[in-house]
Amino acid sequence: MIKRCFDILFSITGLILLFPILVCVAILVKLDSKGSVIFKQERVGKNNSNFTLYKFRTMRTLQNPSSCLTIGNTDTRITNVGYYLRTFKLDELPQLLNILKGDMSFVGPRPELRYFINKYSGTDLEVLQVKPGLTGLASLKYKNEDELLKAAENPEHYYITTILPDKIRLNKIYIETQSFFLDVKIIFKTIFSIFK
């Protein structure tokens with residue numbers, strides 16, 4: 001109950017305080033390349049149910065995606081503005097709407113695509129017992145995930161066999177030890193890591 005109240009209060013506060021930034025980013029996205037300002041994608045949330053995740057669009061819409069993974073910040077599909085939005089995590093700001101709606105929380109496992117959820121086995125699905133989050137333990141460890149994938153010979157295979165199992169492990173640790181104070185700690189660490 002405290003977690004949900006926190007999510008509602010601070011998602012509303014964030015949307016109000018960041019409104020000028022949201023408008024500026026939306027204008028930059030629109031001027032930089034053709035396509036919609038908001039990128040919508042089906043992700044898997046609590047209880048293994050799908051929801052629509054919102055982000056500022058950072059990739060070109062005219063190209064057929066060769067992969068559902070982004071390979072480094074120099075991925076040719078990323079727009080000029082998109083590079084900076086990704087670097088400072090500004091593309092994630094529309095997810096404040098997901099939090100307000102109740103699809104997500106500020107802290108929790110990052111929501112995956114159904115494609116990757118289908119790779120889960122056994123107790124891996126336990127991570128779907130809680131709402132996905134804007135940030136979490138796995139997000140902190142893999143804040144430079146794009147660059148790790150860029151260095152891999154086969155990015156998708158590396159993600160599925162190495163990164164994804166470790167994310168699941170960290171998400172299980174979060175679920176077992178979650179508390180309001182842990183959430184606050186993760187939020188502050190996330191803010192610090194962005195500015196660092």
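**Labels and their cut-offs**

Tutor: F6, F10, F106, F180 and F181 form one aromatic cluster. This is a predicted model: local features need pLDDT of at least 70, side-chain atom pairs count only at pLDDT 80 or more, and totals for chains, interfaces and linings use all residues. Residues are numbered from 1 along each chain as its sequence is written, and side-chain values use heavy atoms, with hydrogens and water left out.

Student: How many aromatic pairs does the structure hold?
Tutor: There are 7 aromatic pairs. Rings of Phe, Tyr and Trp (its six-membered ring) pair if their centres lie within 6.5 Å. Planes under 30 degrees apart count as stacked, over 60 as edge-to-face and the rest as tilted.

Student: What makes the pair of Y83 and Y84 edge-to-face?
Tutor: The planes of Y83 and Y84 stand at 85 degrees, with 5.0 Å centre to centre. The cut-off for edge-to-face is over 60 degrees, so the label follows.

Student: Why is the pair of Y115 and F116 called edge-to-face?
Tutor: The ring centres of Y115 and F116 are 5.1 Å apart and the planes are at 80 degrees, so this pair is edge-to-face.

Student: Why is F116 called buried?
Tutor: Buried means under 20% relative accessible area, exposed over 50%, partly exposed in between (1.4 Å probe, protein chains only). F116 has 1%, so F116 is buried.

Student: Why is Y115 called partly exposed?
Tutor: Y115 has a relative accessible area of 38%, so Y115 falls in the partly exposed class.

Student: Which classes do Y83 and Y84 get?
Tutor: Y83 has 34%, so Y83 is partly exposed. Y84 has 52%, so Y84 is exposed.

Student: Where is N47?
Tutor: N47 lies in the loop between β1 (38-44) and β2 (50-56). Helices (H or I, at least four residues) and strands (E, at least two) are DSSP runs, numbered from the N terminus.

Student: What makes β2 mostly covered?
Tutor: In β2, 5 of its 7 residues are buried.

Student: Which residues of α2 and α3 meet?
Tutor: V25, L28, V29 and D32 in α2 meet N80, V81 and L85 in α3. By class, this contact has 5 nonpolar, 1 polar and 1 charged residues. Ala, Val, Leu, Ile, Met, Phe, Trp, Tyr, Cys and Pro count as nonpolar, Asp, Glu, Lys and Arg as charged, and the others, Gly among them, as polar. Contact means heavy atoms within 4.5 Å.

Student: At what angle do the axes of α2 and α3 cross?
Tutor: The axes of α2 (residues 19-32) and α3 (residues 80-87) cross at roughly 145 degrees and come within 8 Å. Axes are lines fitted to C-alpha atoms, for helices over the stretch in contact, and angles run from 0 to 180 degrees between N-to-C directions.

Student: Is D166 buried or exposed?
Tutor: D166 has a relative accessible area of 13%, so D166 is buried. D166 is in helix α8 (residues 155-177).

Student: What joins the side chains of D166 and Y142?
Tutor: A polar contact of 2.5 Å joins them. A polar contact is a pair of N or O atoms within 3.5 Å; within protein, one must be able to donate a hydrogen and the other to accept it, and residues adjacent in sequence count only if both atoms are side-chain atoms. Leaving aside neighbours within four places in sequence, D166 is in contact with K141 and Y142.

Student: Why is L148 called partly exposed?
Tutor: L148 has 36% relative accessibility, so L148 counts as partly exposed. L148 is in helix α7 (residues 145-151). Leaving aside neighbours within four places in sequence, L148 is in contact with Y142, Y158 and I163.
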